[in-house]
Amino acid sequence: LVRDYLYNKMPGHISHKFNEIYGLGAASILENVYKKENPNRWLSSLAFFVSENIHEDYCQILVLKSMRDFFEAHLVQYPGNKDIPLGAVGSIGFIFKNLLEIVSREYGFDLKKVLKSPIEELVRYHLSRQKQ
């Protein structure tokens, strides 16, 4: 998203909307990524822009490509990987759950659970263990 914005590869109307909301120039983006604390949090906060514009082909293609890249880099290369149920924890997987399901099926994975935060499941697990 940021790369496309900086290199003018984002469709004009989406770039205009992104600029209206964030008003970021190259210097500001570079500062957020390289000089400020928690650049991963700042970058992931931009996913909400993508989710709000997911009806746009550009945004859907961007998310699907990113997920496919993730699967290729981190999941498909391990033997027996498709025998293990897949789960995701975090806001990105949660926000784009429907697209994650599509990519999981494409790669033959069984996506069992997608959680925004692990805390509720952890509490449920520990409470169930106390009852035993």
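**Close-up views of the predicted model**

**View 1. Contacts of Asn-81 in the predicted model.** Leaving aside residues up to four places away in sequence, Asn-81 makes contact with Leu-75, Val-76 and Phe-109. The side chain of Asn-81 also reaches the backbone oxygen of Leu-75, at 2.6 Å. Asn-81 belongs to the loop that runs between helix H6 (57-74) and strand S1 (86-89). Because its relative accessible area is 12%, which is under 20%, Asn-81 is classed as buried.

**View 2. The largest pocket and its lining.** This pocket has a volume of about 850 Å³. Its lining comprises 28 residues, and those nearest the centre are Leu-62, Val-63, Ser-66, Met-67 and Ile-92. Two or more lining residues come from each of helix H1 (2-6), helix H4 (39-45), helix H5 (47-52), H6, S1 and helix H7 (91-95). H6 gives the largest share, 10 residues. By class, the lining has 20 nonpolar, 4 polar and 4 charged residues.

**View 3. The largest nonpolar core.** The core has 31 residues, among which Leu-1, Phe-18 and Phe-71 touch the most other members. At least two residues each are supplied by H1, helix H2 (12-22), H5, H6, S1, helix H8 (97-106) and strand S2 (111-115). The largest share of this core, 7 residues, is again that of H6.

**View 4. Surroundings of Phe-18.** Residues up to four places away in sequence are not counted here. The contacts of Phe-18 are Leu-1, Tyr-5, Met-10, Gly-23, Leu-24, Leu-46 and Phe-49.

Methods:
Residues numbered from 1 in each chain as written. Predicted model: local features only at pLDDT ≥ 70, side-chain atom pairs only at ≥ 80, totals over all residues. Heavy atoms only, no water. Helix = DSSP H or I, 4+ residues; strand = E, 2+ residues; numbered from the N terminus. Buried < 20%, exposed > 50% of the residue type's maximum accessible area, 1.4 Å probe, protein only. Polar contact = N/O pair within 3.5 Å; in protein donor to acceptor, adjacent residues only side chain to side chain. Contact = heavy atoms within 4.5 Å. 1 Å grid on protein atoms, 1.4 Å probe; cavity = no way out; pocket = protein on both sides within 12 Å on 5 of 7 lines; lining within 4 Å. Points joined across faces, edges and corners; volume = space filled by probe spheres on them. Nonpolar A, V, L, I, M, F, W, Y, C, P; charged D, E, K, R; others polar. Core = buried A, V, L, I, M, F, W, Y, C linked by side-chain atoms within 4.5 Å.
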